[in-house]
Amino acid sequence: PSGSEPATKIVINLERLQQLPADKVGPLARYAAAIQSQRGDYNGKVLSIRAEDLRSLAIIYDKSPGELTDQLIDWGVLPPEARPAT
Ligand code: C2E
Ligand code: C2E
Ligand code: C2E
């Protein structure tokens, strides 16, 4: 079934993120870019972010954290394993 559990380990695929249209992923892409800037972490293919950040992003996307997790998996930005087993 389509899960509604939020991801627990959030490792964003930055290469996939760049391939998606800005009208879909714009807010997420800007959020990830801001975290990269704060960390000085520009060289990775992936970016690990806080569970707390998923909650903030869910508010921006007007979804629950679980719904946003499903969306990010659909986009290929998170791997399917990001969704915890229920
Ligand atoms: P891991 O967490 O499974 O991460 C595997 C690899 O994914 C990392 O190899 C790195 O190349 C990439 N990666 C994951 N998250 C990020 C990110 O936010 N930014 C960037 N630039 N790359 C990321 P790496 O760096 O050789 O680390 C190997 C393992 O060492 C990690 O496996 C993790 O177990 C540990 N590690 C590294 N940094 C941290 C950390 O800040 N906190 C903790 N708890 N473990 C860390
Ligand atoms: P901060 O939150 O005051 O964190 C200071 C430092 O504590 C971080 O420096 C990092 O070395 C360490 N730290 C805090 N929480 C974690 C954690 O969950 N895992 C790991 N591995 N280290 C942690 P850093 O990385 O240079 O970040 C500087 C500042 O940039 C942070 O200050 C925070 O304000 C912001 N930042 C960086 N990455 C993130 C993020 O993923 N999400 C959010 N919300 N802010 C972030
Ligand atoms: P991680 O470094 O393996 O940390 C796993 C969890 O341990 C974090 O989940 C957080 O709950 C706790 N934790 C680790 N370091 C700290 C700390 O300094 N202070 C506090 N209060 N808790 C800490 P969370 O927050 O979901 O973060 C997931 C991953 O995102 C971290 O895995 C790390 O790879 C990355 N991350 C988060 N914040 C930062 C940051 O400020 N800087 C960097 N470089 N990486 C971060």
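Start by selecting ligand 2 and Arg39: an oxygen atom of the ligand sits 2.6 Å from a side-chain N or O atom of Arg39, a polar contact (a pair of N or O atoms within 3.5 Å). This is a predicted model, where local features need pLDDT of at least 70, side-chain atom pairs count only at pLDDT 80 or more, and totals for chains, interfaces and linings use all residues. Residues are numbered from 1 along each chain as its sequence is written, chains are lettered from A and ligands numbered from 1 in the order written, and side-chain values use heavy atoms, with hydrogens and water left out.

On its own, ligand 2 has 770 Å² of accessible area, and the protein covers 37% of it (Shrake-Rupley method, 1.4 Å probe).

Now show the whole shell: Ile35, Gln38, Arg39, Arg50 and Asp53, each with a heavy atom within 4 Å of the ligand. Colour helix α2 (residues 22–39) too, as it supplies the largest share of this shell, 3 residues; helices here are DSSP runs (H or I) of at least four residues, and strands (E) of at least two.

Then move to ligand 1. Select Ser48, whose polar side-chain atom lies 2.6 Å from a nitrogen atom of ligand 1. Of the 780 Å² that ligand 1 exposes when taken alone, the protein buries 26%. Finish on strand β2 (residues 46–49), which gives the most to the shell around ligand 1, with 3 residues.

How values were computed:
A polar contact is a pair of N or O atoms within 3.5 Å; within protein, one must be able to donate a hydrogen and the other to accept it, and residues adjacent in sequence count only if both atoms are side-chain atoms.
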